[in-house]
Amino acid sequence: MSHFDTVEATGPLIIGSGIAGLSTALLLGDCTVVTKTGLGAGSSVWAQGGIAAAVGEGDSPRRHAADTVAVSGGIADVAIAAAITAQAPDRIQWLRDLGARFDTTDGTLELSREAGHSRSRIVHAHGDATGKEVMRTLRNATQARPDIDVVEGFLAVDLAVANGTVVGVFGIRSSGTRTLLLAPATILATGGLGQVFAHTTNPSEATADGLAMAARAGARLADLEFVQFHPTALDVGLDPMPLLTEALRGAGAYLLDDAGERFMLKVHPASELAPRDVVARAIWSHRAAGRRITMDARHVRDIPHRFPTVYGFATSAGIDPATMPMPVSPAAHYHMGGVVTDSLGRTSLQGLWATGEVAGTGLHGANRLASNSLLEGLANAHIVAQDIRTSDPKRPHVRTVEIPRDALHLERRDDADVRSRIRELMSSCVGVIRHQSNMERAREQLGTLATNSITVFNLLTAARLVTTAALARTESRGSHYRTDYPQPDPRQAHRSIVDPDPVYYTAIHPLVPLS
C-alpha cells in the first residue's frame, strides 16, 4: 500500500488528449482527462490535410461513405461508414461553434480534394494546419470547463480490472508517484503506433500505449496488420519525418523519378491521386531500386500561403518548394486496426470504451480514405459520450483489483537501444512491402528483446502483434502487401480478429484494498 496512491475520479476517465480524447471530454463533461505529456499533444496537432465532410454542393454523406468503402479493400464496415460520414457536417459545425477558424471564402467553407475522394470535401484551416487549429480550439474549450479535470504528465501503465470489469488505470505521475486512478468508465483515446517504425510521420508520443494495455487486459483486437504508410514524407533525415500533405497533390503537385519522369502515370489511372497504398508502394519500389523520388510543386500557386506548414518544413531543410522538387519517402502514418469497438464505442471488456486511432471501428478496412481520421475521432467522441451519458455506469464495489505482473516493474524511462532495434526491424521487415521470410525474421528477433521501459515495452507488444497478424494474412489487401502473396484472396475478404489471453494476476492483494 505504501507504494501506491489510490485516487477515485467522480466521473469517467479519458486516457489521451488528442482530438478524440478532448472531444469526448467536452461532449461528456464531469470527467477526468489524463495525458502523458501536455494537454493536446500527440498526432492530432500534426494533421495537415483536413477533415473530410460532405458539406459542398452536389456532395452527400452517401457519396462520402461510398468513397470510404471503395478504398478499404472490401472489408470496411458499411454501416459504420454510413454512420460516421452522416455525422461529418454536424461535427464541422460543432467545431465552428467552439471557435475553430476554418478557411472560407465569403463565409463559405473552402473545400479541397484528396486521393480517393470523388468530390472536393476536405475542410481545412490555415491551408495545411488543420490539426493545429482544431487542437487550439479544443484545448481552449477544455481549459474553460471547470467540470473537466486534466492531469498532465500521467503515464498510463496498465488497465485495472476487477471481476472482469475495467475500473480505471494504473500509472505513474511525472513526480514518479505510482497511482491507481479508479473510475466508473474508462475511455482509451491514446492514438496510434507510428513509433513502432523507424520511418514515421507520428510524434514521439505515438507508442501504442492504449493498444498494448488493451491487449494485456485481453480486449478483442482487429485488423492489426493494416498500417497506412503516407506516400510523401519529406526525406531529409528527420525523426519523425515531416509530412507533405495529400492536398499538395490535390492542388496539382506530381511525383518524379530521378530521370524526371512522372512514373505514377503508368501505375494508376488516377496517377498521383491514386489511393495511398498504391502511391506508397510505387515510391517504395522505385527507392528500393536505387532511384530518388521527388515531389514537384513548383507550378503550384502561392505555396507559402496555401501550405505554410509544408513551406516551413521544406525551407528549414534548405529547400524552396517554389523552385526546387522535394525528396520524399513513404512513412508509417496511421493504424487502421485497434481495439475492437461496437457501434456505441464499447470494447469487449465491460467498463472500457475506445475512440480515435486506437479504436478498431471497422471504418477504414484495409486502407484509410484521406482525411477520415480526424473525422472518426470527432464522430466517435460523440457516439461514446452519448452512450456513457445514457448508460450512466457506476464503479463496482470491489475490494481488490488486478493489474498485469509486469506493471509492478516497468519504469518511466526510455530504452533507446531496444527502441531502435524494434523500429529498424519493423521498417525493414514489416513495412510497405512484406514477405514471409522477412516477417519471420522480425518475429524471431522481437521475441529475444526485453525491456523494463513502459513505452518501449508497449512498442514491443505492438510490434509483435502487428507482425503476427501480418504473417497470418496470406494475401495482399489495401495497405497490407506481400510479395509472396501479391493478390487478394476472396476467402480472406473479412476483418482479422484477435482475442489475446489476459496476463493478469488473479489476486493483487495487498496492492490496493478498496473500501
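These questions and answers walk through a predicted model, from its sheets to its cores, helices and loops.

Me: Which residue of strand 12 is the bridge partner of D5?
Reply: Strand 1 and strand 12, the latter covering residues 178–182, pair in the parallel sense over four bridges. Within strand 12, the bridge partner of D5 is T179.

Me: Is strand 10 largely enclosed or largely open, and how many of its residues are buried?
Reply: Strand 10 is joined to strand 11 by seven bridges, and the two run antiparallel. Strand 10 is largely enclosed by the rest of the structure, because its buried residues number eight of eight.

Me: Which residue takes a positive phi in the hairpin of strand 10 and strand 11?
Reply: Across this pair of strands, L159 has V169 in strand 11 as its bridge partner. The hairpin has two residues between the strands, and the residue with a positive phi, near 50 degrees, is N163.

Me: What does I15 contact, leaving aside its neighbours within four places in sequence?
Reply: I15 is among the residues that touch the most other members of the largest core. Leaving aside neighbours within four places in sequence, its contacts are V34, A156, L159, V169, T186, I187, L188, A189, T190 and M213.

Me: How many residues of helix 13 are buried?
Reply: Helix 13 has 19 residues and reaches 27 Å from its first C-alpha to its last, close to the 27 Å expected at 1.5 Å a residue. The helix is mostly covered, and the number of its 19 residues that are buried is 16.

Me: Which elements are included in what covers the buried residues of helix 7?
Reply: Helix 7 (residues 276–288) has 13 residues and reaches 18 Å from its first C-alpha to its last, close to the 18 Å expected at 1.5 Å a residue. Its buried residues are R276, D277, V278, V279, A280, R281, A282 and I283. What covers them includes strand 15 (227–234), helix 6 (246–250), strand 16 (254–256) and strand 18 (326–335).

Me: Why does R281 count as buried, and what does R281 touch?
Reply: R281 has its place in helix 7. R281 counts as buried because its relative accessible area is 18%, and the cut-off for buried is under 20%. Not counting residues up to four places away in sequence, R281 touches V432, I433, G478 and Y481.

Me: How many disulfides are counted?
Reply: C31 counts as buried at 3% relative accessibility, and C429 is also buried, with a relative accessible area of 1%. A disulfide is counted where two cysteine sulfur atoms lie within 2.5 Å, and by this rule the count comes to zero.

Me: Is D30 buried or exposed?
Reply: D30 is found in the loop between helix 1 (19–28) and strand 3 (31–35). Although D30 is not a glycine, it has a positive phi of about 50 degrees. With a relative accessibility of 54%, D30 counts as exposed.

Me: What is the relative accessible area of D302?
Reply: D302 lies in the loop between strand 17 (294–296) and helix 8 (303–306). Its phi is near 55 degrees, a positive value in a residue other than glycine. D302 is partly exposed, and its relative accessible area is 35%.

Me: Where does P240 lie?
Reply: The peptide bond from D239 to P240 is cis, with omega near 0 degrees. P240 lies in the loop between strand 15 and helix 6.

Notes. Residues are numbered from 1 along each chain as its sequence is written. This is a predicted model: local features need pLDDT of at least 70, side-chain atom pairs count only at pLDDT 80 or more; totals for chains, interfaces and linings use all residues. Side-chain values use heavy atoms; hydrogens and water are left out. Two strands pair if DSSP finds at least two bridges between them. A nonpolar core is a set of buried Ala, Val, Leu, Ile, Met, Phe, Trp, Tyr and Cys residues joined through side-chain atoms within 4.5 Å. Buried means under 20% relative accessible area, exposed over 50%, partly exposed in between (1.4 Å probe, protein chains only). Contact means heavy atoms within 4.5 Å. The expected span of a helix is 1.5 Å times one less than its number of residues.
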